[in-house]
Amino acid sequence: MLDVAIRRRQGTFDLDIRFQAPSRGVTALFGRSGSGKSSVINAIAGLAKPDAGHILLDGTVLFDGARRIDVPAERRRTGYVFQDSRLFPHMSVQDNLLYGMRRVPREERRIALEPVVDLLGIGGLLKRRPYSLSGGEKQRVAVGRALLAQPRILLMDEPLASLDAERKAEILPYIERLRDELNIPIVFVSHSVDEVVRLATTLVLVADGRVRAAGTVAELSGRLDVGGTIGGLEAGAVLDTTVAGHDAATGLTELRFPGGILTVPLLDLRAGQPLRVRIQARDVILALEPPSRISVHNMLEGRIVELGEAAGPSRDVRIDLGGSFLLARVTRHSVERLGLGVGTPVFALVKSVAFDRVFPGPAGRNVAL
Ligand SMILES: Nc1ncnc2c1ncn2[C@@H]1O[C@H](COP(=O)(O)OP(=O)(O)OP(=O)(O)O)[C@@H](O)[C@H]1O
């Protein structure tokens, strides 16, 4: 487990961060520009010294202000991937990859060149120099170099930020494979909702140098106080589901999640596969009774647990489905007309077309803090 509790004053900025992350999966540090995300991973890497606090990785002390322990960066065994790949321009891809590995004693090497090359699909690039690579290829090599330095944790500071949408789409599956196939925790800095929804197991929301909230993506996206922050203007909840089965005759797939079942148009995925689904609040309709003769497939039974502040003509409503949470955006007029309040039992109708982003979820996706 990664345990971070640090304070650091830098200029007028005051960083005071505490969170814990499981030793598997991806922890996303998410927040606005200037909120302090890079400062946190620089502190973990040993590139910026906290004024006080501690950083522990699986019980090993990397920093402890009170005990005056500050392990130098090169001895922390952290792999760092920057926004720009920072490859050595005068070295071939292969030499870049082997650079960090050669500094680690042979008997401590657990990660070998070949599997990393395969995992990242960079076998064809080994003889090339960095200048001849595309942005996406450079980032894949940078990830490989960080991995071959035999890290105990991989730190990635917006590794996709300098890439266009196509290059991002090219590299995301590789990061998913890292998450699912390597047993190395990843701390990932991002301010992209799509990246977070797709990659993260644990989410740490950072604002003004503080942790605003931390938990699983599903927990946080379903909260009214922070769901809007994660979803930008488009509030919505994330459900971590599992493919339960398919019905070829109706052309539908069933997804099971704590608190219910969803049906979606047939998906080419095997039963048992984890699948993360995002449902936008504006795509959820509330009813007090189960409507009949209606085209919507998904009707989920739940109870209102929270009503958000009125924002213009609408209000966001948080519904407990019995293990998972959903957000619905309804008009203020509907709230009054239906007498909606905390405790009201409701039926939440979700249009199939609302499943606009469906990805395989992280393997250990329900790891809670
Ligand atoms: N060495 C420094 N001296 C003074 N102020 C600093 C220093 N490093 C960072 N800061 C300030 O600390 C704050 C947090 O910076 P940080 O880079 O951690 O934010 P961030 O969330 O990673 O931002 P971005 O998404 O833009 O990279 C900023 O206000 C920045 O100007």
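Me: How far apart do the C-alpha centres of domain 1 and domain 2 lie?
Reply: They lie 34 Å apart. The domain bounds come from an automatic or database domain assignment. This is a predicted model: local features need pLDDT of at least 70, side-chain atom pairs count only at pLDDT 80 or more, and totals for chains, interfaces and linings use all residues. Residues are numbered from 1 along each chain as its sequence is written.

Me: Which residues belong to domain 1 and domain 2?
Reply: Domain 1 covers 2-221 and domain 2 covers 236-357.

Me: How many residues does the contact take from each domain?
Reply: Four come from domain 1 and nine from domain 2. Two residues are in contact if their C-beta atoms, placed from the backbone, lie within 7 Å.

Me: Which helix gives the most to the domain 1 side?
Reply: Helix 7 (residues 217-221), with three residues. Helices here are DSSP runs of H or I with at least four residues, strands are runs of E with at least two, and they are numbered from the N terminus.

Me: New topic. What surrounds the ligand?
Reply: The residues include Q10, F13, K37 and H191. Each has its C-beta atom, placed from the backbone, within 6 Å of the ligand. Helix 1 (residues 37-45) gives the most to this shell, with three residues.

Me: How does the shell divide into nonpolar, polar and charged?
Reply: One nonpolar, ten polar and one charged. Ala, Val, Leu, Ile, Met, Phe, Trp, Tyr, Cys and Pro count as nonpolar, Asp, Glu, Lys and Arg as charged, and the others, Gly among them, as polar.

Me: Now sheets. What is the order of the five strands in the open sheet?
Reply: The order is 16-20-17-18-19, with antiparallel pairing. Two strands pair if DSSP finds at least two bridges between them.

Me: Which are the edge strands?
Reply: Strand 16 (284-287) and strand 19 (325-331). Each pairs on one side only.

Me: How many bridges pair strand 17 with strand 18?
Reply: Four, in the antiparallel sense. R303 stands opposite D320 in strand 18.

Me: What about strand 13 and strand 14?
Reply: Six bridges join strand 13 (residues 252-257) to strand 14 (residues 260-265), and the two run antiparallel. They form a hairpin with two residues between them. G259 in the turn has a positive phi of about 110°.

Me: Which residue of strand 14 is the bridge partner of T253?
Reply: V264.

Me: Last one. How many helices and strands are in the protein chain?
Reply: Nine helices and 21 strands.
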